[in-house]
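Dear colleague,

Please find the structure below, handed over for your use. My notes on it follow directly after.

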Amino acid sequence: MATDPFDRLSRRGLFALAAATWALASLPAFTATAAPRRPAAVPETKADPRHELWWQAPADDHSMIQQGLPVGNGRLGALTGNDPGRELLLITDATLWTGGLNATLDADGQFPYDREHFGSLTLLARLTVDVPDHDLSTVSGYRRALDLAQGVVTTSYVRSGVTYERQIFASRPDDVIVLHFTQRGGGRYTGTVTLEGTHGESTGATSFGAAFPNGLRYGAAVTAYGSGGRVSVNGERITFSGCADLTVVVSGGSNYAPDVTAHYRDPSLDPERLARTKVREAAAHPAETLLRTHAADHSALFGQLDVRLGTSSAAQRSLDTWERLKARTRDGAPDPELEAAYLQFGRYLMISGSRGSLPMGLQGLWLDGNDPDWMGDYHTDINIQMNYWMADRAGLPQCFDALTDYCLAQLPSWTELTRTLFDDPRNRYRNSTGKVAGWTVAISTNPHGGGGWWWHPAGNAWLCNTLWEHYEYTRSRSHLERIYPLLKGACAFWEARLLPYTLPDSGREVLIADSDWSPEQGPLDAKGITYAQELVWALFANYRTAAADLDKDAGYAETVAGLQQRLYLPRVSPKTGRLEEWMSPDNLGETTHRHLSPLVGLFPGDRIRPDGSTPADIVDGATALLTARGMNSFGWANAWRGLCWARLKNAEKAYQLVLTNLRPSTDGANGTAFNLLDIYEVEQGRGIFQIDANFGTPSAMIEMLLYSRPGHLELLPALPGAWAASGSITGAGARGGFVVDLAWRDGKPTTARLRSVGGRTTTVAYAGTSRTVTLRPGESVTLKDLVR
């Protein structure tokens, strides 16, 4: 008879404890209040082959970051190994950070950037389920799969004539990770469940709790139950024997709180106790119920967008995912269903990694150790922005909120650090004006209000522009009201920072950015860098619209308009023919540098447009600079290049960069790993996972199908030949407040349906023809006569 390994509580006492514990939860991290408890159950459905990735081998325990399959519920994530005899989960909570405020500068004017002061994202726990007599060498027909639409990892194999199957999923409604082991044919499971901390904690059989030196408390808990056998506690692990089926439930987290006044802690929350309560509550339900509840929640988001890029061959479909990736690169034959699945994998990661907690940094929710490169932090000079370019485009606007919440929670600390440290004489980027106002950030930020590495003056503008773009997609007034203080504070910073400069050729006085670094190359003291000028120009334009839409601060908006009008904007170098990165005709850095900093006006901005509204020499100069940067770099850099080529309507170059990122990574080289995560080669022979390309590349794919800005949509602006025969995308977000369903055949749109989510009027264009559409929020219209 199965027994609960936890010490016994009456059912009434258990629910009372759960209610009391959850009443403590006011933060959007380790709580049970961030999502509905139990959505309506949906019937089990067989995986759609278009949305299933599958492999014929488990992960190597020593290569989990390249081979483990990711699951996540938005704050709690795990890499799963799927070995028949030893299931390994490396579990991460988004808030499990070491370090602290880091409110000092070193002698060189940098914030300390290390694991002690700045801190690092770390693993929460290791969970292993050992089934010793199911060694890989004793089984046949092994297969593991990731169902992107349902959010479930499934492993199956045959041993002694019995088919064994396990399912792993991370449920947001129940806030737990579930492992469910079943069989068909009279088999039995015997083995152990072991939960371990990763920081030297004292761990019991079913739970542990501890604290970092920074005061962050954390904990985790596990339980197991089954039928037809026995489950019990034995020393430091749970044992099970003779079970026809087995369910293991694990949860955990920290007492992080997004509240600067409480030093980003909730002192009343006991993470270990809360974890125990959560696994108890989940274990009160059959595994099938937990699965259906989870699948209903996950699939509701996943189903908000569908994409078809064409039909693959039967031979391609017969290959497992890794062999299919290799064949695509080796043979050069288009595999449109694989490419669509890669886009959907990015959406799966977004749903799994960005809901109700901190946003995703360099590695999202998935680690294989406690020492991720660059601390797994939030890089503000491209990476965190790229992580969230996809959310609205790909029909996942709900997943954007984690970034908004993070910026708002950090703003008081960022403002105070700017006030006290930005004009410190050790800061090489301090304001020559002697004034300081508003806020900005460092190149790296942590969740404790602190920064790392150099100050990043233009980082505030880029964050604000990213937050603003979410408003353009959703037209959410509540979102705009929330981010308005960020926009206004960033404008105040630049009002204090900009310097007057007289152009020698015309005598006209303009405003330029003070000394800065064009990320991440060239001189450290250049004024008027294109990167800053473009970002600040967009910031000022966005703030003016925000003030008008909210009917606020008309006087200050007029001041900002005057500043924007006086901003210097970049020119084309007469020496190189390329858009200048610095206020110099000379290239002061690397021609093929990974960053496209001077092209932020092309993407993600759209001041530079190839539609005749931008002077031709500027468009040509931007194209020349992009060409010089090359077509082969790190994954995130290729994704950015692809987005820029899509904006320039060069379909084949954009598509080539998508394929470059799909190259199989071997021996640590740049490309796509066995498990489809992107690999960044930090040095020859050593590659690391960096998640931004997994979001940036799908963003480029959608941008190839649909370009939008408020008041204007363009269909199929960069459709490559490989996708031209037929295809469709439904649920794609469009700036201006619309959702678009689009189908095409022979490279031309056949139907386009627009639904307003707040937008009113827009033009819809294709190949020189256009239609003006006017809708009320909630209304839709289908256009069928775009091609004449």
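The crossing of helices α7 and α17 is left-handed, a term used when the near helix is turned anticlockwise from the far one by less than a right angle, with right-handed used if clockwise. The model is a predicted one, in which local features need pLDDT of at least 70 and side-chain atom pairs count only at pLDDT 80 or more, while totals for chains, interfaces and linings use all residues. Residues are numbered from 1 along each chain as its sequence is written, and side-chain values use heavy atoms, with hydrogens and water left out.

The axes of α7 (residues 336-353) and α17 come within 9 Å and cross at roughly 125 degrees. Axes here are lines fitted to C-alpha atoms, for helices over the stretch in contact, and angles run from 0 to 180 degrees between N-to-C directions. The two helices are therefore oblique to each other; angles under 35 degrees count as roughly parallel, over 145 as roughly antiparallel, 65 to 115 as roughly perpendicular and the rest as oblique. Helices (H or I, at least four residues) and strands (E, at least two) are DSSP runs, numbered from the N terminus. Among the α7 residues that meet α17 are Y342, F345 and M350, and the α17 side includes F695, P698 and I702. Contact means heavy atoms within 4.5 Å.

D335 counts as buried, at 2% relative accessibility (buried means under 20% relative accessible area, exposed over 50%, partly exposed in between, with a 1.4 Å probe and protein chains only). Apart from neighbours within four places in sequence, D335 is in contact with S312, Q316, R324 and R328.

Helix α17 (residues 692-705) also packs on a sheet, where it touches β27 and β28 and makes about 85 degrees with the direction of β27. That open sheet has four strands in the order β27-β28-β32-β33, with mixed pairing. Two strands pair if DSSP finds at least two bridges between them. Strands β27 (706-709) and β33 (769-774) stand at the edges with a single partner strand each, so one side of each is left without a neighbour in the sheet. Strands β27 and β28 (residues 712-715) run antiparallel and are joined by four bridges, with L706 opposite L715.

A second open sheet has eight strands in the order β1-β6-β7-β8-β9-β15-β12-β11, with antiparallel pairing. Its edges are β1 (52-55) and β11, each having a single partner strand, so one side of each is left without a neighbour in the sheet. The twist averages 15 degrees from one strand to the next. Within this sheet, β8 (residues 162-171) and β9 (residues 176-184) pair over nine bridges, and I168 stands opposite L179. Strands β11 (residues 207-211) and β12 (residues 217-227) pair over five bridges, with S207 opposite A221. Five residues lie between the strands of this hairpin, where G215 takes a positive phi near 90 degrees. Helix α3 (residues 271-283) lies across β9, β11, β12 and β15 (245-254), running at about 25 degrees to β12.

Finally, a search of the whole structure finds zero disulfides, a disulfide being a pair of cysteine sulfur atoms within 2.5 Å. The sulfur of C491 is 7.4 Å from the closest cysteine sulfur, in C464, which is too far for a bond. Both C491 and C243 are buried, with a relative accessible area of 0%.
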